[in-house]
Structures are given as structure tokens and as C-alpha cells.
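Hi,

Here is the structure I promised to pass on.

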Amino acid sequence: MSETIFHKIMRREIPADVVYEDEHLIAFRDIAPQAPVHVLFVPKQDFATLNDVGEDSAIVVGRLATAAARYAKAQGLAEAGYRIVMNCNADAGQTVFQIHLHLLAGAPLGRFGTP
Ligand code: AMP
């Protein structure tokens, strides 16, 4: 799979507002936030899209979701609520081909689906 801007962020070759990191994943603020809180959770293991994640790697996605929930709780966002989203390929508007989970929070969020 090809190198993405998120790999450069992980290697600190380009700046990002990193809010969490461990041996499995990194989380940083989205450069074009779609909600008052918009954080991306990116695994250190490479997968271009969710289609590339097999059952044997399901924990990778699970870690992203639980890290997002932990972050929301720590930031006092969990009671009010939040949304996690993973876009896959063209119809969903995926633009960076290293899987990532969007955490959106901080205000009532609109519905989603067809434009
Ligand atoms: P997606 O459309 O699901 O592939 O999401 C890619 C996200 O990455 C978009 O919300 C972009 O705003 C965000 N993004 C792109 N470049 C950067 C960057 N350098 N730092 C932080 N977020 C970025």
C-alpha cells in the first residue's frame, strides 16, 4: 500500500496536533474539523481501507473505537454523545488511504447519509 500523509504525521515529518499516542495508534485533530471536536484515530499497522482488514486483524479496528471512546470520556464528551465514522472508498469520500476513525463531538450533530 502506498505512503500517506498520516504516515508522515506518525513519523513527525509533518506537524499535527497529536492528542494521544501508544504503540498501536495515534490520534490527532483533523485539519478541517467538521464538528467542534474532530479527532482522527489512526492505527500504526497499515491498511488502505476497511476492506483490507480481515478477521485476524479485527482488534486493530476495535482499538481505534475504544481509544476514541476513552478520549471522549476523558474530555467529558461521552455523556452528551459523539459519533465515530470510518469512510471506505469513493462513495463514502475516503481521501486518505490509511484507515482512520473520525471522532466527532462537541455539539448536536446533523443526520448523515445521502447528500
Ligand atoms: P477521509 O475523507 O475519511 O479519508 O478523511 C481524511 C481526513 O483527513 C479529512 O477529514 C481531512 O481533513 C484530514 N486531513 C488531511 N490532511 C490532514 C493533516 N495534515 N492533518 C490532519 N488532518 C488531515
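His-102 is buried, at a relative accessible area of 12% (buried is under 20%, exposed is over 50% and partly exposed is in between, with a 1.4 Å probe and protein chains only). You'll find His-102 in strand E5; helices (H or I, at least four residues) and strands (E, at least two) are DSSP runs, numbered from the N terminus. The side chain of His-102 makes a polar contact of 2.8 Å with the side chain of His-38. By polar contact I mean a pair of N or O atoms within 3.5 Å; within protein, one must be able to donate a hydrogen and the other to accept it, and residues adjacent in sequence count only if both atoms are side-chain atoms.

Before you go further, keep in mind that this is a predicted model: local features need pLDDT of at least 70 and side-chain atom pairs count only at pLDDT 80 or more, while totals for chains, interfaces and linings use all residues. Residues are numbered from 1 along each chain as its sequence is written, and side-chain values use heavy atoms, with hydrogens and water left out.

Now the ligand. Which residues come nearest to the ligand? Of the 16 around it, they are Asp-30, Asn-87, Thr-95, His-100 and His-102 (a residue is near a molecule if one of its heavy atoms lies within 4 Å of it). Asp-30 puts a polar side-chain atom 2.5 Å from a ligand oxygen, and Asn-87 has a polar side-chain atom 2.9 Å from an oxygen atom of the ligand. With Thr-95 it is a backbone N or O atom, 2.7 Å from a ligand oxygen. The ligand exposes 500 Å² when taken alone, and the protein buries 84% of that; these areas come from the Shrake-Rupley method with a 1.4 Å probe, and for residues only the protein chains shown count as cover.

As for what the shell around the ligand is made of, it divides into eight nonpolar, six polar and two charged residues. Here Ala, Val, Leu, Ile, Met, Phe, Trp, Tyr, Cys and Pro count as nonpolar, Asp, Glu, Lys and Arg as charged, and the others, Gly among them, as polar. Helix H1 (5-10) and strand E2 (25-29) each supply at least two shell residues, and H1 gives the most, with three.

Most residues other than glycine have a negative phi. Arg-12, however, has a positive phi near 60°. Arg-12 sits in the loop between H1 and strand E1 (18-21) and is partly exposed, with a relative accessible area of 47%. The other one is Asn-89, with a positive phi of about 65°. Asn-89 belongs to helix H3 (residues 89-92), and at a relative accessible area of 31% it is partly exposed.

Asn-51 is in the loop between strand E3 (37-43) and helix H2 (58-74). Is Asn-51 buried or exposed? Exposed, with a relative accessible area of 58%.

Finally, Gln-98 is in the loop between H3 and strand E5 (101-105) and counts as buried, because its relative accessibility is 0%. From Gln-98 to Pro-33 is 65 residues in sequence and 18 Å in space, C-alpha to C-alpha.

Cheers
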